[in-house]
Amino acid sequence: MERIFPAGAADEREVLTGFLDWQRATVHRKVDGLPVELADRALLETSPRMTVAGVVSHLRQTEHDWFAGSFPSLADEPFERDQDGGWATGGRVIADLLSGYDAECGQSRRIVARLPLDTMQHFTPPQFAPVSVRWILTHMIEETARHLGHLDILREQLDGARGY
């Protein structure tokens with residue numbers, strides 16, 4: 001998956017979606033070449049679900065929650081929230097988790113393409129205040145980048161691979 005920086009003169013939508021797509025593509029770079037048997041290996045005794053597979057699964061669920069969950073009428077299927085945050089992988093292999101992540105990112109892109117950036121959520125969980133598409137995109141850049149940091153550390157500890 002190719003990473004492309006948004007153009008320096010790009011408009012706000014192109015910058016936000018471009019940087020989010022950069023982060024999404026970097027998820028693949030952090031996982032590519034990882035031996036399958038290492039994807040489920042937990043390295044943190046206090047965080048047993050913090051595995052490469054767990055992070056990819058969680059990122060898919062986060063995409064689903066923020067885009068399909070905020071705009072359920074635009075989602076491909078009825079929205080379902082995972083109370084676990086997607087951390088449980090259900091035994092799925094990393095290739096399947098990445099495919100699911102890619103599919104969810106595709107749905108997120110389709111939803112965002114249909115909405116102005118200042119559109120407020122169509123559905124907001126009761127414990128939160130409504131936010132805009134702009135806010136969601138910015139949050140997803142932050143969320144994905146934060147978990148890329150986790151993937152950096154996990155990958156280096158698992159097999160020594162490093163790089164951006």
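Mentor: Begin with residue classes: Ala, Val, Leu, Ile, Met, Phe, Trp, Tyr, Cys and Pro count as nonpolar, Asp, Glu, Lys and Arg as charged, and the others, Gly among them, as polar. The model is predicted, so local features need pLDDT of at least 70 and side-chain atom pairs pLDDT 80 or more, while totals for chains, interfaces and linings use all residues. Residues are numbered from 1 along each chain, and side-chain values use heavy atoms, without hydrogens and water.

Trainee: How is a pocket defined?

Mentor: On a 1 Å grid over the protein atoms alone, a pocket is an open set of points where a 1.4 Å probe fits, with protein on both sides within 12 Å along at least five of seven lines; lining residues have an atom within 4 Å of a point. Points are joined across faces, edges and corners, and volume is the space filled by probe spheres set on them. Here the second largest pocket has a volume of about 180 Å³. Its lining has 2 nonpolar, 3 polar and 5 charged residues.

Trainee: Which helix gives the most to the lining of the second largest pocket?

Mentor: Helices are DSSP runs of H or I, at least four residues, numbered from the N terminus. Helix 3 (94–113) gives the most, with 4 residues.

Trainee: What is the volume of the largest pocket?

Mentor: About 350 Å³. Of its 20 lining residues, the closest to the centre are Thr62, Asp65, Trp66, Arg81 and Phe128. Helix 2 gives the most to this lining, with 5 residues.

Methods. Helices (H or I, at least four residues) and strands (E, at least two) are DSSP runs, numbered from the N terminus.
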